[in-house]
Structures are given as C-alpha cells and as structure tokens.
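Please keep the sequence and the structure in view while reading.

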Amino acid sequence: MSKTFEELSEFCNLVLDEVGKAVVGKRPQLEMILASVLAGGHVLMEDYPGLGKTLIASSFASALGLDFKRIQFTPDLLPGDITGGYIYNRAESRFELRSGPIFANIILADEINRASPKTQSALLEAMQEKQVTIEGETRYLTEPFLVMATQNPIEYEGTFPLPEAQLDRFMIKISVGYPNKEEEVKILADRRARKHDQFNLIQVTNAEEILAMRELVETVHVHQDLEKYIVDIVHNTRQDNRVAVGASPRGSLAFMKMARAAAALAGRDYVIPDDIKRFDVAVLAHRLIMQPAHWMAPRVTQDVIKDVFAKVPVPVLD
C-alpha cells in the first residue's frame, strides 16, 4: 500500500492512540517502540514489575494486526521450547515438525535474563538473521518479525545477564517508568469503567502495510554530515576512559535507522539532528561496557552518553 510521509505519520498516530487506550501516559516510550517497528529492530524493556511491559507488547500486536506469542523465560526453558522440533507421529510413522512460539510476528521474551545462556542464544540467529535452524534445516521467519524482551533491574539471584553479543542485537533499550498521580488515577477510572481487565483494541493496520511503511522509511534522506555526526558520537564512546568497550558499528546503524523512522513518524522525508539526539540513551546505554571501577555506579553510563553528545558538534545543515 503506497503512502506519503504525511499519511504514514497520520497512520502511525492512529496506532499510538489505540495503544494509548491500554497504556496510559507513556507516549514517548510508545513512539520509540513504533519507530523501532518501522526500523525493523528489536526492543529491550528493563523496569520494575507491574509497569505494563507485557501490556505494551500485546497492545502493539493488537493494534498492528500481528501474530503475538509470549515466551516466559525460566531456568529450565530449553532452546527447543522456543524454536520447536521434530515429533514422531505414530499414526503416520514419521517425524513431523512442530513449530515453536518463535514463529510469530511479535515475540514477547518475558524476563529473558532468567533463562540459561544456551536458551538465550536460541534467539540470536532469529534476531539477526530472521531464521532458525532445526535439525540442520533452515526455516525463515515471517516478516515483520520483532522481539520485545523484558527484564527486571532487581532480583538478580538466579538470573543470567545477557551477553554483550545479544544485547547489541536489540536496537533500543528503554525504561517504562512509573505513572504520575494523574495517570494512575486514570488507570483506575478506566478499569472501573471497563468492568473487566481485558482491553478491546481495534486493529489499525496489518503486516502488509507495515512492510510497505518500512520501504517508505528506507527512502528517508540522511545528509552525509549527519552520518558523520553519528559516527563521531559512536567513536567517542570508544575513547572515554570510563568505558571499557564502546559502541560497535551496529550502534551507528541503529542511530541511522531510528532517526529515519523518527523523521517518518513526524511526516518528514529527511533527518534532522534532533531525530538522532532523542535516541541517545535508548541506542547507546546497553552497548557500553564500563570499566570495573564504575560497575556499581549506574548513572555513569548516562553521564558518559551526555558528555559524548555535549562534546560532538551538531552539524548545521543547509
């Protein structure tokens, strides 16, 4: 379905309005997630329990008209529980493939850091290559394919921190945050008015239209000075003496993809510096490994990102 950038922006606002019926007061975070959908990236949501991370994933699936599967990650979860495997059919005397929950458009990997590294690695091929290998047979996943993973910043006992290789495959990492008092009052009022816990959201779009919108996002113009600006930002994360390992080139690509999607959401066919700066922490925070001396100071990562953006001159475009 062919759209102009203005139509794409209006269409995406309809999606955000629909998701906003279930998720109160988190418009900036919802915009970031929708931008990631348009950019073809995966999302890691890290925050305390009960703040709506699961609700966000299921609401987007409903509004976007996409297949949704939830995988609860636990220490005893096996890779085959994600990808599926061959089961012997006695009636027909043959093995048949039983697909796992990975074969859906939106996958909610709930509490991903509670599964073993072997199980976590089962997502790596799917996230990067959009395919899985079962018994030597490669099966391609249906596009659009998006992993929304959650993890809690507390209760680390019995968890397995995500390896850097997998963290880097998430395009953005966001925090949902607590609602303010007015928003929490609205949550209670909406629940009282509905008389049940479920949300009946309207499907706004479908997989075919999302893929068409992604093609349009690929046409958004990025000035070469902005490309250099992105590279300077990422390169400077590797030079800070508080950082042991800076962002990889995948971080640069994430900035460009997210900036393009943000421009399209705003109805523009070109990127401006603010489209890059709005994703500073979301793109970089999970890609930086601090020196051991700073491991116990969680604010250092954000300080580094703030200093890097303050150091790099913002290009002035014609």
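A residue is called buried when its relative accessible area is under 20%, exposed when that area is over 50%, and partly exposed in between. The model is predicted. By the definition above, both Asp168 and Arg287 are buried. Their side chains meet in a salt bridge, with 2.7 Å from N to O. This pair links distant parts of the chain, 119 residues apart: Asp168 lies in the loop between helix 7 (164-167) and strand 9 (170-174), and Arg287 lies in the loop between helix 13 (280-284) and strand 11 (289-290).

A second pair is formed by Glu218 and Arg260, whose side chains meet in a salt bridge at 3.1 Å, N to O.

Glu18 forms a salt bridge with Lys21, and the closest N and O atoms are 3.0 Å apart. With a relative accessible area of 6%, Glu18 is buried; Lys21, at 45%, is partly exposed. Salt bridges also link Asp17, Arg27, Glu31 and Arg278 in a network. The count of salt bridges comes to 21. In general, side chains of opposite charge can pair when their charged atoms come close.

Which residues gather in a patch of negative charge on the surface? They are Glu6, Glu7, Glu10 and Asp269. Of these, Glu6 is found in helix 1 (residues 5-20). Its relative accessible area is 48%, so Glu6 is partly exposed.

A nonpolar patch on the surface is formed by Tyr48, Ile154 and Tyr178, which together have about 310 Å² of accessible area. Tyr48 sits in the loop between strand 1 (42-46) and helix 3 (53-64). Tyr48 is partly exposed because its relative accessible area is 35%.

Finally, the strands. Strand 3 (residues 84-89) and strand 4 (residues 94-99) run antiparallel and are joined by 6 bridges. Tyr88 stands opposite Phe95 in strand 4. The two strands make a hairpin with 4 residues between them, and in this hairpin Ser93 takes a positive phi near 55 degrees.

Terms used: Residues are numbered from 1 along each chain as its sequence is written. This is a predicted model: local features need pLDDT of at least 70, side-chain atom pairs count only at pLDDT 80 or more; totals for chains, interfaces and linings use all residues. Side-chain values use heavy atoms; hydrogens and water are left out. Patches are made of residues with over 30% relative accessible area and no salt bridge: like charges are joined within 9 Å, nonpolar side chains (Val, Leu, Ile, Met, Phe, Trp, Tyr) within 5 Å. Accessible areas come from the Shrake-Rupley method with a 1.4 Å probe; for residues, only the protein chains shown count as cover. A salt bridge is a side-chain nitrogen of Lys or Arg within 4 Å of a carboxyl oxygen of Asp or Glu. Lys and Arg count as positive and Asp and Glu as negative; His and the chain ends are not counted. The place of a charge is taken as NZ of Lys, CZ of Arg, CG of Asp or CD of Glu. Buried means under 20% relative accessible area, exposed over 50%, partly exposed in between (1.4 Å probe, protein chains only). Two strands pair if DSSP finds at least two bridges between them.
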